[in-house]
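Please have the sequence and the structure open while reading.

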Amino acid sequence: MPHRAILGLWTVDQPKKVFGVMWYGGWGGGGWALMAVIMILFWGLLIAGIIALTHYLTGAGRSRRSGPPSSGESGWGAGRAEDLLAERFARGEIDEDEYKRRLTVLREHR
């Protein structure tokens, strides 16, 4: 064992032990950066997935009916026509007798 004198005292050199990832061929500082990026991506995707799932389950993502019904559906136009008729009656554009007469005609032709 090699000896050396420090301030007049003899000491024995101890082998240097270095622990940690940054020594002995580890990733060094790049491992911390990579881990940070992966964690940000993970949490971002998790939050985006929760938002998308909530959006889907509440029905906010479903399209509203804007066109005519498909061949298997019936009554879509009649329901919309009744709603428009009720709106016209509520605004005072037509009187009660005309509202009832037109509503009866709409319901007969369903």
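Buried means under 20% relative accessible area, exposed means over 50%, and partly exposed lies in between (1.4 Å probe, protein chains only). The model is predicted, so local features need pLDDT of at least 70 and side-chain atom pairs count only at pLDDT 80 or more, while totals for chains, interfaces and linings use all residues. Residues are numbered from 1 along each chain as its sequence is written, and side-chain values use heavy atoms, with hydrogens and water left out.

- The structure holds six salt bridges, a salt bridge being a side-chain nitrogen of Lys or Arg within 4 Å of a carboxyl oxygen of Asp or Glu.
- One of them joins Lys 100 to Glu 96 at 3.1 Å, N to O, and these two residues lie four residues apart in helix H3 (residues 96-108), about one helical turn; helices are DSSP runs of H or I with at least four residues, numbered from the N terminus.
- Lys 100 is partly exposed at 48% relative accessible area, and Glu 96 is also partly exposed, at 43%.
- In another pair, Arg 102 and Glu 98 have their closest N and O atoms 2.6 Å apart, and they too are four residues apart in helix H3, separated by about one helical turn.
- Glu 98 is partly exposed at 22%, as is Arg 102 at 30% relative accessibility.
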